[in-house]
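Q: I would like to go through the charged side chains here. Please keep the answers brief.

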Amino acid sequence: PVKTVGGWVLLSYIENDKLAVNNDNFILVGVVSIGLLMLFVIDLIYLRHFYIKLKYLSKQAEKANKSKTDFLSTMSHDIRTPMNAIVGLTVLTEKNIDNKDLVKEYNKKISLASNHLLTLINDILDISKVESGKIFLNPISFSIIELIDNLVNITEPMIKDKNIDFKLNLNDINHEYLFADKLRLNQIFMNILSNAIKYTEVSGSISVDLIEEETDNPNYVKLIYIVKDTGIGMSKEFMEKMYDPFIRETDSRINRIEGTGLGLAITKKMVDLMEGTIECESKEGVGTTFKISLDIKKDLEKNNKEVNDLSNDYSIIANMNILIAEDNDINYEIISEMLKSYNINTFRAIDGQECLDIIKKSRENEYDLIFMDIQMPKKNGLEVTKEIRLLDNWAKDIPIIAMTADAFSENINECLSVGMNGHIAKPIDINIVLNEIRKIKEGAK
């Protein structure tokens, strides 16, 4: 009934043939079902592929973690070995304090163990810097002859201990002074040479060749560094992965040799960073040859002028007055006593603020030089240096050399950027310290 209008009824009709069953619906259902089945199969294939990939990544992660676990286990052993030597020899020194010859021998061994421990620590820190991409080059002017001399002097005790026949050949070195990252170059050369010494048996032989060649750029030279030894050599399988970090070949001869398995990994990264090349030939039981090629900029200014010869006469630096900003008592005592043996007068500031106060109150030229620690209370060395350079008296130009455990290239660059004149890394080498002092003294003439 149509309620709004009385007397009406609304009717509807459907044609009879429209009620017949439509078979087309079954085709549609089939198509949809097949489509869903295909999607299900594709999903299964994708999930399986994803599972296989995750499984592979999981195995790789487990392998990496195992390598690092093995590395940490090895490092724990390698660090404890020199530490045990240092602690034990210190006790023996105290017990035999009246036997000068024995004490001298103990001190020599303590020094060797300390240097080895320092190498281990530097390797760990360097590889962490490399892997995080936070390592940078810090080019400075330096003498390649001096660098090689230091390299030989450092390794000479190890060479003599193993009675190794050692030959050094300098070929066509026409440009002594170069401009590059001296620290990283020394690290490359040292890692290759120290490996040759470690893996060469007693009474073996090692030859080092340093060759200078011309390049297409007249402002650069090509340095070729070749180290050839008659050591134990390497297998072809190990050579394929020798530049990977945390890797050391499993060999009863190698397991007896102290090391981290990081030296070659770091060296390869450094060579790549300096856009050079490294090649290796090795045969088990015969020996190994490494060849490194680097294009390095010349320091034309220094190469073209006569350079004063730095002899072993340190009389020029006697009676100098040096202010040492150092908050650690033992560190100050060490550097102070070392310098006093060369007739150098030392004075101390126990923190950054005291160093600044002393300089502000000092008479003109009362101090010849400041050795500045970086990590100090109240004010750090960088802050103090910035404030000294802003003074309006004589002290604004006083030479300041960083003496710090911050030894990476970026740390050195940061020190120089705030106005420091040089950088010496701890633990200090007295010869480096004396040479830096002498350079300051001669520059003041």
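**Salt bridges and exposure**

Q: What is the relative accessibility of Glu 156?
A: Glu 156 has 33% relative accessibility and counts as partly exposed. Buried means under 20% relative accessible area, exposed over 50%, and partly exposed in between (1.4 Å probe, protein chains only).

Q: What should I know about the model itself?
A: This is a predicted model, in which local features need pLDDT of at least 70 and side-chain atom pairs count only at pLDDT 80 or more, while totals for chains, interfaces and linings use all residues. Residues are numbered from 1 along each chain as its sequence is written, and side-chain values use heavy atoms, with hydrogens and water left out.

Q: Which residue forms a salt bridge with Glu 156?
A: Lys 160 does, with the closest N and O atoms 3.4 Å apart. A salt bridge here is a side-chain nitrogen of Lys or Arg within 4 Å of a carboxyl oxygen of Asp or Glu.

Q: Where do Glu 156 and Lys 160 sit relative to each other?
A: They are four residues apart in helix α3 (residues 144-161), so about one helical turn separates them. Helices (H or I, at least four residues) are DSSP runs, numbered from the N terminus.

Q: And Lys 160, buried or exposed?
A: Lys 160 is exposed, its relative accessible area being 61%.

Q: Changing topic, how many salt bridges does the structure hold?
A: It holds ten. Among them is Glu 337 with Lys 340, at 4.0 Å from N to O.

Q: Which helix holds Glu 337 and Lys 340?
A: Both lie in helix α9 (residues 329-340), three residues apart. Glu 337 is partly exposed at 47%, and Lys 340 is partly exposed at 44%.

Methods:
Helix = DSSP H or I, 4+ residues; strand = E, 2+ residues; numbered from the N terminus.
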